[in-house]
Each structure stands twice: as C-alpha cells, then as structure tokens.
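Subject: Handover of a structure and its findings

Dear colleague,

Please find the structure below, together with its sequence.

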Amino acid sequence: QVQLVESGGGLVQAGGSLRLSCAASETISSINAMGWYRQAPGKQRELVASFPSGGTTNYADSVKGRFTISRDNAKNTVYLQMNILKPEDTAVYYCNAGYRRGGKWYYYWGQGTQVTVSS
C-alpha cells in the first residue's frame, strides 16, 4: 500500500504562490493515476488537477491557467504549483493515487496539507 505525504501548504496573501509536494513511498511510474483534490469547510472534496491513466492532465475550471500539476519520477514526487491564489482556494489539499488492478480501481490518500489564502 503506497504512502503519500503532502507538504508545502501554508498561509499566503491573495495573488501569491505556493507549491505543494506529494512524496510517494514507491515509484510513481507504477501508479496508474495521480492527482490533487481539495476540501473546503462545509464543502465536498473536489478534483483540482490530475494525471489520469493514459490521458492528459485535467484541471478544474476554477484553477485553469493558475495551477500546474507536474511530476518528478526520479523523486517519486508530484507537485502542484499554485499561482495567483484567491481566498476561495482556501482548503485542505490532498494527494491521491489510483491503481487499476484486475479491472478495479484502488485509491489512496495522503493526510492533507492546509492552504489558507487571505484577502
């Protein structure tokens, strides 16, 4: 079972930037899909950005043009570069890894990292 550890969250003013990191305990090239999700207080968890299996990167409409997901296979790490942050980006950000085995998907989550954007 893969372990995911997020880091890089914090408090930033609106218009600022943060880079989140997600370090995986095993080679990410063996993971079929990875992504970042977020959950704000009182709201459901939502997809922010992902590398889906066999496809191109996906972004939520609300972050397109501001956030960039990337990966470093040598470091087994996935990043989320967040620019032009807005107060509505405030949430706990979670890293997610998906494995497809025998036609089924299995998902794993990190513990989350808090991002707070002040106005």
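A search of the whole structure finds one disulfide, a term that stands for a pair of cysteine sulfur atoms within 2.5 Å. The partners are Cys-22 and Cys-95, whose sulfur atoms are 2.0 Å apart. The link of Cys-22 and Cys-95 is left-handed, with -80° about the S-S bond. Because Cys-22 belongs to strand β3 and Cys-95 to strand β9, the pair ties together parts that are 73 residues apart in sequence. Strands here are DSSP runs (E, at least two residues), numbered from the N terminus. Cys-22 is buried, at a relative accessible area of 0%, and Cys-95 likewise counts as buried at 0%. For these terms, buried means under 20% relative accessible area, exposed over 50%, and partly exposed in between (1.4 Å probe, protein chains only).

Please note that this is a predicted model, in which local features need pLDDT of at least 70 and side-chain atom pairs count only at pLDDT 80 or more, while totals for chains, interfaces and linings use all residues. Residues are numbered from 1 along each chain as its sequence is written, and side-chain values use heavy atoms, with hydrogens and water left out.

The nonpolar core comes next. The term denotes a set of buried Ala, Val, Leu, Ile, Met, Phe, Trp, Tyr and Cys residues joined through side-chain atoms within 4.5 Å. The largest such core has 30 residues, of which Met-34, Trp-36, Leu-80, Met-82 and Tyr-93 touch the most other members. Two or more residues each come from β3 (18–24), β4, β5 (46–51), β7 (67–72), β8 (77–82), β9 (91–101) and β11 (113–118). Strand β9 gives the most to this core, with five residues. Leaving aside residues up to four places away in sequence, Met-82 touches several others, among them Leu-18, Leu-20, Phe-67, Tyr-93 and Val-115; contact means heavy atoms within 4.5 Å.

As to strand pairing, two strands pair if DSSP finds at least two bridges between them. Strands β4 and β5 run antiparallel and are joined by five bridges. Within this pairing, Tyr-37 has Leu-47 in β5 as its bridge partner. The hairpin of β4 and β5 has six residues between the strands, and Gly-42 takes a positive phi near 80° there. Strand β5 is also joined to strand β6 (residues 58–59) by two bridges, again antiparallel. In β6, Tyr-59 stands opposite Ala-49.

Finally, the aromatic rings. Rings of Phe, Tyr and Trp (its six-membered ring) pair if their centres lie within 6.5 Å; planes under 30 degrees apart count as stacked, over 60 as edge-to-face and the rest as tilted. By this rule there are four aromatic pairs. One of them, Tyr-37 with Trp-109, is edge-to-face, at 5.0 Å centre to centre and 70° between the planes. That pair links distant parts of the chain, with Tyr-37 in strand β4 (residues 33–39) and Trp-109 in strand β10 (residues 104–109), 72 residues apart. Tyr-37 is partly exposed at 23%, as is Trp-109 at 37%. Ring pairs also link Tyr-37, Tyr-94 and Trp-109 into a cluster. The charged end of Arg-45 sits over the ring of Tyr-94, 3.7 Å from its centre; this requires NZ of Lys or CZ of Arg within 6 Å of the ring centre and within 35 degrees of the ring normal.

Yours sincerely

How values were computed:
Helices (H or I, at least four residues) and strands (E, at least two) are DSSP runs, numbered from the N terminus.
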